[in-house]
Amino acid sequence: MTKETLTITDNRTGRTFELPVTHDTINAMDLRQIKVNDDDFGMLSYDPGFKNTASTKSTITYIDGGKGILRYRGYPIEQLAEKSNFLEVAYLTMFGELPNQEQYDKWAYEIRHHTFVHENIKRLMEAFRHDAHPMGMFISVVAALSTFYPEARNIFDEKDRMKQIVRLIAKVPTIAAFSYRHSRGLPYVYPDNDLSYTGNFLNMLDKMTQVRYEPDPILARALDVLFILHVDHEQNCGTATMRVIGSSNTDPYSAMAGAAAALYGPLHGGANEAVLRMLLEIGDVKNVPAFVEGVKKRERLLMGFGHRVYKNYDPRAQILKSYADKVFEATERNPLLDIALELERIALEDDFFVERNLYPNVDFYSGIIYQAMGFPIAMFPVLFAIPRTVGWLAQWVELLNDKEQKIARPRQIFLGEDERDFVLMENR
Ligand code: CMC
């Protein structure tokens, strides 16, 4: 008969401990009883980057990194990308089940009717420098929203909480579009609440003198698919940040500004921008082998490759790779795709990448599609942040409802100086 326990023998003392195992996991606090003597603080586990530490139980997103599986609330990402739309996936992620028609209509109506931002937000955005990075603007404005909705602090009031959730999902495309128009020196375009989520986003990006903006259905659908693929990805750097900040009971705007800041980095959501800059630098298919050699000599990273969890093809990259040609029907074909395909071909045959299980991740192909759609490179991380808003908020609600959660507060192994007396300046 097997026992759901783990037996540890401490060879320093010869003592043996039996720790319960639940969900193939031990509780880190159970290690604390392992001591050399009574004054000993107790055993800690050391895990920089949380490579092997579960910080929560969750029911939102499932990833099997070895098999390349991604599911939101049990539904495979491939089926959602093919058959659903962004707002429906947002509902599913937030509430756990697919909506019926009435629930969907109400949800979509609510989101569509909270798209406007306060005029002072517009003025705040106008104050940024002409060349401000749109992600810097996005992060700042999301944080600023907390000052417009002070009731957002009532995070345990379900009604107030839901109001902020709807506002955030509804307003992030407006903020993103304003940041884009700002970078182009163009007047900001107000939302059109009769259009779909992505149709309205295109409207706020592109509208010039038309009386009524008609979004290109292929581009609107492409954005919808891209948004679905980016909704959630369990405990990644940005989401973990949302939970860490949220664990101190901060309002969701402030927590989300932190999550977006984490996403901005080139090792995370900023990788799509970094991939495009890398492809432009390579410039031609003939330069690919030399570039790959540089990566193998550790002079560079191959951006858009590798993942903490996927040790196989990222299923989101697979969908995007096959989706690129569909998008190119409505746009010019992006010549950078040929460089990307050659990079992928060489990398996937090379021992350096094979041995380390380095495969393309979502950011490898998304930037090529965004660029073909006409987005400037600096907008790419913002395009990641819009749909990820849903995941951050769903994870934040799960955190608040989880009785086992505590304020996030890791431990450290202190290796600094022991106590010593202060030395006056003249004696140093
Ligand atoms: N190019 C070259 N070598 C790499 C790369 C890469 N892109 N990624 C990992 N490696 C090597 C790394 O040097 C290490 O080699 P060794 O064991 O010989 O020292 C090995 O592969 C394992 O890498 P790691 O850095 O220990 O893995 P990690 O889990 O800490 O990092 C990662 C994951 C995504 C930060 C990393 O793969 C990376 O920097 N990739 C490029 C940036 C990127 O594309 N980020 C987007 C991630 S997907 C979107 C998102 O959700 O954020």
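Modeller: Start with helix 16 (residues 362-372) and helix 17 (residues 380-400). In this predicted model, their axes come within 10 Å and cross at roughly 110 degrees. That angle makes helix 16 roughly perpendicular to helix 17.

Now the residues at the crossing. Helix 16 brings Asp363, Gly367, Tyr370 and Gln371. Helix 17 answers with Phe380, Leu383 and Phe384. By type, the residues of this contact divide into 4 nonpolar, 2 polar and 1 charged.

Next, arginine 316. This residue is found in helix 13 (residues 315-328). Among the residues touched by arginine 316 are Val362 and Arg388. Val362 falls within the range of helix 16, residues 362-372. Arg388 falls within the range of helix 17, residues 380-400. Is arginine 316 buried or exposed? It is buried, with a relative accessible area of 2%. The cut-off for buried is under 20%, so arginine 316 qualifies. Its side chain also makes a polar contact with the side chain of aspartate 314, at 2.8 Å.

Helix 8 covers 217-229, and glutamate 234 lies in the loop between helix 8 and helix 9 (237-246). Phi of glutamate 234 is near 45 degrees, a positive value in a residue other than glycine. Glutamate 234 counts as partly exposed, at 23% relative accessibility. Follow helix 9 to its next loop. Asparagine 249 lies there, between helix 9 and helix 10 (252-264). Asparagine 249 is not a glycine, yet its phi is positive, at about 70 degrees. With 42% relative accessibility, asparagine 249 counts as partly exposed.

Now leucine 205, in helix 7 (residues 197-206). Leucine 205 is buried, at a relative accessible area of 3%. Not counting residues up to four places away in sequence, leucine 205 touches Ala177, Tyr180, Arg181 and Phe375. Leucine 205 and tyrosine 190 are 15 residues apart in sequence. Their C-alpha atoms are 9.8 Å apart in space.

Tyrosine 190 takes us to lysine 122. Leaving aside neighbours within four places in sequence, lysine 122 is in contact with Phe178, Tyr188 and Tyr190. Lysine 122 has its place in helix 4 (residues 119-126). At 17% relative accessibility, lysine 122 counts as buried. The threshold is under 20%, so the label holds for lysine 122. Lysine 106 is 16 residues from lysine 122 in sequence. C-alpha to C-alpha, the two lysines are 28 Å apart.

On to helix 3 (residues 101-112), where tryptophan 107 has its place. Tryptophan 107 counts as buried, at 5% relative accessibility. Its contacts, setting aside neighbours within four places in sequence, are Leu87, Ala90, Tyr91, Phe95, Val166 and Ile169. Glycine 96 is found in the loop between helix 2 (86-95) and helix 3. Glycine 96 counts as buried, at 15% relative accessibility. Two longer C-alpha separations belong here. Tryptophan 107 and leucine 341 are 234 residues apart along the chain, and their C-alpha atoms are separated by 40 Å. Glycine 96 and arginine 243 are 147 residues apart along the chain, with 19 Å between C-alpha atoms.

Last, the ligand. Which of the 22 residues around the ligand come nearest? They are His268, Arg298, Leu302, Gly304 and Arg308. Histidine 268 has a polar side-chain atom 2.5 Å from an oxygen atom of the ligand. Arginine 308 places a polar side-chain atom 2.7 Å from an oxygen atom of the ligand. Phenylalanine 305 uses its backbone instead. One of its backbone N or O atoms lies 2.9 Å from a nitrogen atom of the ligand.

Methods:
Residues numbered from 1 in each chain as written. Predicted model: local features only at pLDDT ≥ 70, side-chain atom pairs only at ≥ 80, totals over all residues. Heavy atoms only, no water. Helix = DSSP H or I, 4+ residues; strand = E, 2+ residues; numbered from the N terminus. Buried < 20%, exposed > 50% of the residue type's maximum accessible area, 1.4 Å probe, protein only. Polar contact = N/O pair within 3.5 Å; in protein donor to acceptor, adjacent residues only side chain to side chain. Contact = heavy atoms within 4.5 Å. Axes fitted to C-alpha atoms, helices over the stretch in contact; angles between N-to-C directions. Parallel < 35°, antiparallel > 145°, perpendicular 65-115°, else oblique. Nonpolar A, V, L, I, M, F, W, Y, C, P; charged D, E, K, R; others polar. Near = heavy atom within 4 Å.
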